[in-house]
Amino acid sequence: VEKFIELLTTVVREPSNTYQSFTQDILNITLNQINDFVRKKDSLSPVYFTLLHSLLDYKWNFFFPRNAADREACCNEESFLAALRLFGATLLKSDFNLIKQSIISLCDLDGKHELFNKEVFRANLQTNFITALLQLLFSGTVPIVGEEIEEALFQLSRRHQSYTQTLHAFLGSLLPQPQLSAVLSGVQVHQNGASFKLNLRKLIDETRYHIECS
């Protein structure tokens, strides 16, 4: 199965249009039959998510055709969202290497294709992804991927004003109103990654302090 997944990844990455007509079939197999198999054998997850990333990256125009009148319109939306939700599901697991791989893949898709700025992402996945990343960061159980989480949150914050709203809602689930107001008073809008990440770490420390005190 691993060799088959690697073969499909090679086909997907083929620059010519030779295998273009097989994209939908490969996508269906990946999201259904292969996914069912991977669920039963975690050791296949790295190569499987490499294939998923390759499908979204190399076949981006399959989902967002260059000649479409509406550049925001997503073709094959159900499959597109299903693939992204599989990445999102890894953020809820305890496999730190897989979490890291997924976050790097998502940030790569944003860097190349502005994934986080697509309406289909904003409408269906944005809040859940931000919340999952914040939960990971605040849990303190994944220090080896802390930098990747911070970078993903920074990219999301640049794309969406609603990042702040999601952050406020998340903190509100952890703190009562008086402590929440005190913590939020220190939240600032940052234009560069370094200051954003520094402020985020400060926010985490202050939140943990108030939780311990209460």
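**Labels and their cut-offs**

Modeller: Let's start with a helix pair: the axes of helix H2 (residues 23-40) and helix H5 (residues 77-90) come within 11 Å and cross at roughly 40 degrees. Before we go on, this is a predicted model, in which local features need pLDDT of at least 70 and side-chain atom pairs count only at pLDDT 80 or more, while totals for chains, interfaces and linings use all residues. Residues are numbered from 1 along each chain as its sequence is written, and side-chain values use heavy atoms, with hydrogens and water left out.

Colleague: What makes something a helix here, and what is an axis?

Modeller: Helices (H or I, at least four residues) are DSSP runs, numbered from the N terminus. Axes are lines fitted to C-alpha atoms, for helices over the stretch in contact, and angles run from 0 to 180 degrees between N-to-C directions.

Colleague: Why are H2 and H5 called oblique to each other?

Modeller: Angles under 35 degrees count as roughly parallel, over 145 as roughly antiparallel, 65 to 115 as roughly perpendicular and the rest as oblique. The crossing is at roughly 40 degrees, and H2 and H5 are therefore oblique to each other. Their crossing is left-handed, a word used if the near helix is turned anticlockwise from the far one by less than a right angle (right-handed if clockwise).

Colleague: Which residues of H2 and H5 meet?

Modeller: Gln24, Leu27, Leu31 and Asn35 in H2 meet Ser79, Ala82, Ala83 and Leu86 in H5, where contact means heavy atoms within 4.5 Å. By class, this contact of H2 with H5 has 5 nonpolar, 3 polar and no charged residues. For those classes, Ala, Val, Leu, Ile, Met, Phe, Trp, Tyr, Cys and Pro count as nonpolar, Asp, Glu, Lys and Arg as charged, and the others, Gly among them, as polar.

Colleague: What makes H1 roughly antiparallel to H2?

Modeller: H1 and H2 pack at an angle of about 155 degrees, with their axes 11 Å apart. That angle makes H1 roughly antiparallel to H2. The contact is made by Phe4, Ile5, Leu8, Val11 and Val12 of H1 and Ile26, Ile29 and Ile34 of H2. These residues divide into 8 nonpolar, no polar and no charged.

Colleague: And why are H6 and H9 called roughly parallel?

Modeller: The axes of helix H6 (residues 96-113) and H9 come within 10 Å and cross at roughly 30 degrees, and H6 and H9 are therefore roughly parallel to each other. H6 passes H9 in a left-handed crossing. Lys100, Ile103, Ile104, Cys107, Asp110 and Gly111 in H6 meet Glu148, Ile149, Ala152, Gln155 and Arg159 in H9. By class, the contact of H6 with H9 divides into 5 nonpolar, 2 polar and 4 charged residues.

Colleague: How do you know whether Gln155 is buried or exposed?

Modeller: Buried means under 20% relative accessible area, exposed over 50%, partly exposed in between (1.4 Å probe, protein chains only). Gln155, in helix H9 (residues 146-159), counts as buried because its relative accessibility is 8%. Not counting residues up to four places away in sequence, Gln155 touches Cys107, Asp110, Gly111 and Phe116.

Colleague: What makes the phi of Asn76 worth a remark?

Modeller: Most residues other than glycine have a negative phi. Phi of Asn76 is near 55 degrees, a positive value in a residue other than glycine. Asn76 lies in the loop between helix H4 (60-63) and H5, and at 29% relative accessibility Asn76 counts as partly exposed. Glu114 also has a positive phi of about 55 degrees although it is not a glycine; Glu114 is found in the loop between H6 and helix H7 (119-124).

Colleague: Lastly, which residues touch the most other members of the largest nonpolar core?

Modeller: A nonpolar core is a set of buried Ala, Val, Leu, Ile, Met, Phe, Trp, Tyr and Cys residues joined through side-chain atoms within 4.5 Å. Of the 66 residues in the largest one, Phe80, Leu115, Ile149 and Leu153 touch the most other members. Helix H8 (residues 126-139) gives the most to this core, with 8 residues.

Notes. Helices (H or I, at least four residues) and strands (E, at least two) are DSSP runs, numbered from the N terminus.
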